[in-house]
Amino acid sequence: MRPPSTSRTGAEVLIDQLVIHGVRHLFCVPGESYIAALDALHDRPIAVTVCRQEGGAAMMAEAAGKATGRPGICFVTRGPGATNAASGLHVARQDSTPMILFVGQIAREMREREAFQELDYRAVFGSIAKWVTEIDDPARIPELVSRAFYTATSGRPGPVVIALPEDMLSERTVTADAPAFEPIETVPGADAMEKLRALLMAAQRPLVLIGGSRWSAQACASLQEFAEKFSLPVATTFRRTHLFDALHPCYAGELGNGPNPKLVARAKAADFILLIGGRLGELPSQRYTVLDIPTPRQTFVHVHPGAEELGRVYRPHLGIHGTPTAFAAALGEWEAPSAPPKWRDYCSDTHTEFMAWTETSTPTSGAVNVGEIVVWLRDTLPADAVICNGAGNFSLWVHRFYRYRRFGTQLAPCSGSMGYGVPAAVAMQRLAPERTVVAFAGDGDFLMTGQEFATAVQYELPIVVVVCDNGMYGTIRMHQEREYPGRVVATRLRNPDFAAYARAFGGFGATVEKTADFAQAFDAARQSGKPAILHLKIDPEAITPMTTLGAIRQKALNEQG
Ligand SMILES: Cc1ncc(C[n+]2csc(CCOP(=O)(O)OP(=O)(O)O)c2C)c(N)n1
Ligand SMILES: [Mg+2]
């Protein structure tokens, strides 16, 4: 840390603080508004990833935050840079991910004239971010940046936005650094843990649901041990599948989009639900049908790191304010029950149902079956491979068949944001060059941030992007056929040759027209050592693992009479 007597620019103070807070990577699109901060990065130990669009940069920072539990850092320029970054900021908000977005701002003396690209960031990001501020005085950078790290990581994590007036960054100041932040645990009280045990032991059909953020490999292991001791079925919520080993005999499956109907039935029939870390939002709650609002009919215990989340939607019978990490550690201290719990068979039946649901892909229309490809990858990839994806029906096959086995092997937007897979993969591979990183994307999904493939090429990141091309915004077409059968508007897509796109960017590209050709294409992609795109030609009829587009349309037409 610098002694307080050394004079530095605001930008130098800022970047020194980031180093002190443990930042090793940041993601950005440059702008003249924060050129001084870029200069301060020139000789400081932070790896900079320059991106092609701020939405991609912000999603990369969000993914880094999700993967590490520490704030992902993004730098963008004012007005257009900041508004482009909003897409990644929103993922951080909905997914409870710590993230800090730094935005270059016009010089202080020009404020309130709507100077070039001037925006009022407090107003613009007020309902997305946990906190928005603008730093006027370079001497206060240590204080406000420290607060940003605490705010982004504490309670329910989320995004923070800090605007940096250009002239403030180049002003010299004498100020002392703030020490490194320490994420704060909220530890559940012994009282609450005792009450929980009594409620659990009175149950007949208990179910544990886990989700949200603030987990760790250690917490997942402790929770797994607890589930084992008590023979408890554990389901993960939408896109939090990596929190529990899919092959563990207590795993019940993912309560998400397109879930196993048997799991939904079990959740609805449970007489005791222990929800740890998540909010049970619209998708995992199956459009708010699993728990009644405000008073669930099941005995409902809610454990959440954000005090304001407890009782916000569902009134818990017992609310426990605690981080999943601290709560899992507390569960780890529990003695096993004196006799095998009465729900032991119910637990193993639930796991058997999960295994049957995910064992082999369902038949689909066309020559490429995404489910079979996912099954092949799950049997082939190392256990620590990271699977990334964005939003679209293609992801139904990924989530259903992959069987994530380890903490940190999934990067997917609970917020349902298209375009997430490629930037998440770029960020992950940048953070962990030794790991295998695969991104699944739809044809619509891919081109929302597909230009970040150039970032993968620039940094020589050998990600493999699997583009599931069905020539449409399939999810929306599915809804269209359901609600307005046969009336297709704005969902057809005329696509480029995605393999040629990859090659044009300097990567590896291959087209896959039959399921059986995938393995060879994947191996060739890995052997090339380059970022790769595998372009899968999907029959548009193959709209979900369960049905075809034609069947959906016919059903809707029949219903209309
Ligand atoms: C940023 C964003 N814009 C729009 C949507 C609405 N939306 C959800 S899925 C979808 C279509 C996805 O198409 P594609 O990526 O081709 O996947 P498919 O459903 O065809 O498999 C759209 C437009 C969204 N979720 N996110
Ligand atoms: Mg599509």
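How many aromatic pairs does the count come to? In this predicted model, in which residues are numbered from 1 along each chain as its sequence is written, and chains are lettered from A and ligands numbered from 1 in the order in which they are written, the count comes to 19 aromatic pairs, where rings of Phe, Tyr and Trp (its six-membered ring) pair if their centres lie within 6.5 Å, with planes under 30 degrees apart termed stacked, over 60 edge-to-face and the rest tilted. Local features need pLDDT of at least 70 and side-chain atom pairs count only at pLDDT 80 or more, whereas totals for chains, interfaces and linings use all residues; side-chain values use heavy atoms, with hydrogens and water left out.

Because F226 belongs to helix α9 (residues 217-230) and W334 to the loop between α11 (324-332) and α12 (344-358), the pair ties together parts that are 108 residues apart in sequence; helices (H or I, at least four residues) and strands (E, at least two) are DSSP runs, numbered from the N terminus. Y251 is buried at 1% relative accessibility, and F354 is buried at 7%. A single aromatic cluster is formed by F446, F453, F498, Y501 and F505.

Around ligand 1 there are 17 residues, of which N393, D443, D445, G474 and T475 come nearest, a residue being near if one of its heavy atoms lies within 4 Å. The largest share of this shell, 4 residues, comes from α16, and both α16 (443-449) and α18 (474-483) supply at least two residues. An oxygen atom of ligand 1 lies 2.6 Å from a side-chain N or O atom of T475, a backbone N or O atom of N393 is 2.9 Å from a ligand oxygen atom, and a polar backbone atom of M472 is 2.9 Å from an oxygen atom of the ligand.

Conventions: A polar contact is a pair of N or O atoms within 3.5 Å; within protein, one must be able to donate a hydrogen and the other to accept it, and residues adjacent in sequence count only if both atoms are side-chain atoms. Buried means under 20% relative accessible area, exposed over 50%, partly exposed in between (1.4 Å probe, protein chains only).
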